[in-house]
Amino acid sequence: MHTPHHKVTARRAKIAVRALLGTALLAVPVTAYAAENPAAPTADNASVINAAATGLDDPAKKDIAMQLVSSAENSSLDWKAQYKYIKDGRGYTAGIIGFCSGTGDMLDLVKLYTARNPGNVLAKYLPALEKVNGTDSHKGLDPNFTKDWKTAASETAFKQAQNDERDRVYFDPAVGRGKSDGVGTLGQFIYYDAIVMHGDGSDPTSFSSIRKRALAKAKTPAQGGNETTYLNAFLDARVWAMKQEEAHSDTSRVDTEQRVFLKKGNLDLNTPLDWKVYGDPYHIG
């Protein structure tokens with residue numbers, strides 16, 4: 001099986017996205033929590049929440065998105081098995097979305113988890129995570145951080161913290177931007193996958209810069225443009241961005257996954273779905 005390329009590379013603009021979001025660290029996305037915890041009590045009626053989810057935020061579509069990303073990140077459709085995932089790369093890279101000790105989102109995750117659950121097994125690493133942020137260093141984390149991460153990942157509270165940070169930093173901004181641009185479920189997924197790999201901010205290979213590059217070639221549906229034409233322009237810009245870094249130079253997660261769906265006109269990301277990533281075939285029925 002292929003070892004995912006970007007697990008050992010920088011998403012250099014991850015930190016910048018936090019300043020743009022303006023979302024409180026401890027805020028829990030109600031719709032996200034309801035989507036992954038159907039029996040959970042919420043402030044609003046669950047049927048109203050589900051009715052409002054018309055794109056990638058529909059619970060069934062969201063689960064598909066997680067499987068698609070996991071196929072590229074972990075060579076597996078079982079994304080829920082990845083809470084315990086951790087390996088060397090950008091400091092340490094771990095969890096369902098590749099939280100990195102070197103780019104700040106792992107620090108934010110452990111802060112959230114600790115605010116909700118003081119005294120957890122990862123709380124003692126907060127000073128070290130502060131110091132290694134922005135570097136590839138493991139100083140203060142070895143030798144037990146990987147073991148303790150896996151221990152924490154067995155707890156529902158830590159899984160929920162991973163879900164919430166994924167949504168706050170990556171999923172919700174991607175879906176929101178996609179809806180405002182007038183793209184459907186597939187387009188929202190295309191945005192999400194780009195933010196997962198590239199982060200956001202002013203970096204020339206960040207999501208916002210990829211989108212800006214696409215807009216120079218085509219209008220969004222919200223601007224009166226053709227959706228397929230625009231998404232092709234976005235994917236062209238995404239491929240350009242990936243090729244700027246050697247570790248991202250294999251663009252099959254675009255070429256043999258996202259473009260396959262786009263060429264078939266599957267703008268709603270309806271099943272069945274068949275695709276390949278790094279040569280490995282996948283199917284969702």
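The chain of this predicted model has a mean pLDDT of 86, and 81% of its residues reach 70 or more. Confidence is not even along the chain. Over residues 1-51 the pLDDT is below 50. That stretch still has 117 contacts in the model beyond near neighbours in sequence.

How do helix 9 and helix 10 pack? Helix 9 covers residues 185-198, and helix 10 covers residues 207-215. Their axes are 9 Å apart, at an angle of about 135 degrees. Angles over 145 degrees would count as roughly antiparallel, and 65 to 115 as roughly perpendicular. The angle here therefore makes helix 9 oblique to helix 10.

Which residues make this contact? Helix 9 brings Tyr191, Ala194, Ile195 and His198. Helix 10 brings Phe207, Ile210 and Arg211. Sorted by kind, the residues of this contact are five nonpolar, one polar and one charged.

**Asp181**

Asp181 sits in helix 8, which spans residues 156-181. Is Asp181 buried or exposed? Its relative accessibility is 3%, so Asp181 counts as buried. The cut-off for buried is under 20%. Which residues touch Asp181, leaving aside neighbours within four places in sequence? They are Tyr191, Arg211, Thr220, Pro221, Ala222 and Tyr230. Two of these names come up in the helix contact as well: Tyr191 belongs to helix 9 and Arg211 to helix 10.

**Aromatic rings**

Now to the aromatic side chains. The count comes to 12 aromatic pairs. Two of them are set out here.

| Pair | Distance between ring centres | Angle between planes | Arrangement |
|---|---|---|---|
| Phe145 and Trp149 | 6.1 Å | 55 degrees | tilted |
| Trp275 and Tyr282 | 5.7 Å | 20 degrees | stacked |

Why is one pair called tilted and the other stacked? Planes under 30 degrees apart count as stacked, and those over 60 as edge-to-face, with the rest tilted. The planes of Phe145 and Trp149 are at 55 degrees, so that pair is tilted. The planes of Trp275 and Tyr282 are at 20 degrees, so that pair is stacked.

Where do Phe145 and Trp149 lie? Both are in helix 7, residues 145-152. They are four residues apart, about one turn of the helix. Phe145 and Trp149 are both buried. Trp275 is buried too, with a relative accessible area of 3%. Tyr282 has 10% relative accessibility, so Tyr282 also counts as buried.

Ring pairs also build a cluster. Its members are Tyr92, Tyr113, Tyr125, Phe145, Trp149 and Phe158.

Conventions:
Residues are numbered from 1 along each chain as its sequence is written. This is a predicted model: local features need pLDDT of at least 70, side-chain atom pairs count only at pLDDT 80 or more; totals for chains, interfaces and linings use all residues. Side-chain values use heavy atoms; hydrogens and water are left out. Helices (H or I, at least four residues) and strands (E, at least two) are DSSP runs, numbered from the N terminus. Buried means under 20% relative accessible area, exposed over 50%, partly exposed in between (1.4 Å probe, protein chains only). Contact means heavy atoms within 4.5 Å. pLDDT is the predictor's confidence in each residue, from 0 to 100. Axes are lines fitted to C-alpha atoms, for helices over the stretch in contact, and angles run from 0 to 180 degrees between N-to-C directions. Angles under 35 degrees count as roughly parallel, over 145 as roughly antiparallel, 65 to 115 as roughly perpendicular and the rest as oblique. Ala, Val, Leu, Ile, Met, Phe, Trp, Tyr, Cys and Pro count as nonpolar, Asp, Glu, Lys and Arg as charged, and the others, Gly among them, as polar. Rings of Phe, Tyr and Trp (its six-membered ring) pair if their centres lie within 6.5 Å; planes under 30 degrees apart count as stacked, over 60 as edge-to-face and the rest as tilted.
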